[in-house]
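Have a look at the model first, then read on.

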Amino acid sequence: MNEEEAVVRLTNLTRSFEQGGVRIDVLRGVNLAIRPGEIVALLGPSGSGKSTMLQAVGLLEGGFGGKIEIAGIDASALPTDGRTRVRRENLGFVYQFHHLLPDFNATENVVMPQLVSGRHRSEAETRAHEILTALGLGHRLTHRPSQLSGGEQQRVAVARALANRPRLVLADEPTGNLDEHTADKVFAEFLDLVRGEGSAALVATHNERLAARMDRVVRLHEGVLE
Ligand SMILES: Nc1ncnc2c1ncn2[C@@H]1O[C@H](COP(=O)(O)OP(=O)(O)OP(=O)(O)O)[C@@H](O)[C@H]1O
């Protein structure tokens, strides 16, 4: 893979935390490159640093050593506003808990990030309806999160993450809060949608079964990928 090809390229990524005078080296030199459209499972035991790694790639926090390139841009070298722009233009996020805005309905939750990115409202609404319908929520467009089931809430969160057609979706246990049957269904829909949109994804999970459905599996062990 040449430099231009990677959606994300991590080179010697490190992160340490200090707590009560004790230093923990969570990431000790992580290297990873993800191709456009490639869906990668990130496995590792609890506390191995999966969320920390996603935070690094998501440009959500500082304090990391090494290099984080997103779509060929060295984001680790950018000031905060530059990182925000790279994040908005390239990344979508799905978390274990949906983090939807409680006072806004499903459509509005999916419209919001598009408005922030400068899309016109009518276009954003069309896109929200298209993507929510693709996820089987055509009959739930005006429901608020509290009026939706857990699986439906998580589908709205998936729609929100994909709304801006991100090059890379970052997902942290995206179905970890759902029962097994619903998790399997929502996860299959998530994968279909990501594949259909041609986005790449990095998905942290404990679930080997879900991991096996992705294109590649990487494992965090003692601060490095194996
Ligand atoms: N802000 C912080 N301050 C101190 N330690 C932290 C901080 N954030 C994370 N850690 C530590 O870093 C380690 C990795 O945490 P992280 O949440 O990345 O693991 P994880 O693999 O995502 O775990 P899980 O699967 O349980 O979600 C843990 O030991 C955690 O306690």
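Predicted model: local features only at pLDDT ≥ 70, side-chain atom pairs only at ≥ 80, totals over all residues.

Residues are numbered from 1 along each chain as its sequence is written.

UniProt, in an unreviewed entry, puts "domain: ABC transporter" at residues 8-226; its positions are in the numbering used here, feature names are shortened, and annotations may be inferred rather than shown by experiment. Over that stretch, residues 8-226, the chain is 36% helix and 27% strand, with the end C-alpha atoms 18 Å apart. Helices (H or I, at least four residues) and strands (E, at least two) are DSSP runs, numbered from the N terminus.

Let's start with the open sheet of 4 strands, ordered S2-S1-S4-S5 and paired antiparallel. Two strands count as paired if DSSP finds at least two bridges between them. Strands S2 (22-34) and S5 (73-74) are at the edges with a single partner strand each, so one side of each has no neighbour in the sheet. The table puts its pairings next to one from the other sheet.

| Strand pair | Sense | Bridges | Example of partners |
|---|---|---|---|
| S1 (residues 8-19) and S2 | antiparallel | 10 bridges | serine 16 and aspartate 25 |
| S4 and S5 | antiparallel | 2 bridges | isoleucine 70 and isoleucine 73 |
| S3 (residues 39-43) and S8 (residues 200-204) | parallel | 4 bridges | valine 40 and leucine 202 |

S4 and S5 also make a hairpin with 2 residues between them, and alanine 71 in that turn has a positive phi of about 50°.

The other sheet is open too, with 6 strands in the order S6-S7-S8-S3-S9-S10 and mixed pairing. S6 and S10 (224-225) are its edge strands, each pairing on one side only.

Now, which residues are around the ligand? Among them are Phe17, Gln19, Ile24, Val26, Gly44 and Lys50, where being near means a C-beta atom, placed from the backbone, within 6 Å of the molecule. S1, S2 and helix H1 (50-57) each give two or more residues to this shell, and H1 gives the most, with 3 residues. By type, the shell divides into 3 nonpolar, 8 polar and 1 charged. Here Ala, Val, Leu, Ile, Met, Phe, Trp, Tyr, Cys and Pro count as nonpolar, Asp, Glu, Lys and Arg as charged, and the others, Gly among them, as polar.

Is helix H5 largely enclosed or open? It is largely enclosed by the rest of the structure, because 11 of its 13 residues are buried. Buried means 20 or more other C-beta atoms within 10 Å of a residue's own, exposed means 12 or fewer, and partly exposed is in between, with C-beta atoms placed from the backbone. The buried residues of H5 include Glu152, Arg155 and Arg160.

Finally, two residues other than glycine with positive phi. Arginine 165, with phi near 50°, is in the loop between H5 and S7 and is partly exposed, with 14 other C-beta atoms within 10 Å. Glutamate 173, with phi near 45°, lies in the loop between S7 and H6 and is partly exposed, with 19 other C-beta atoms within 10 Å.
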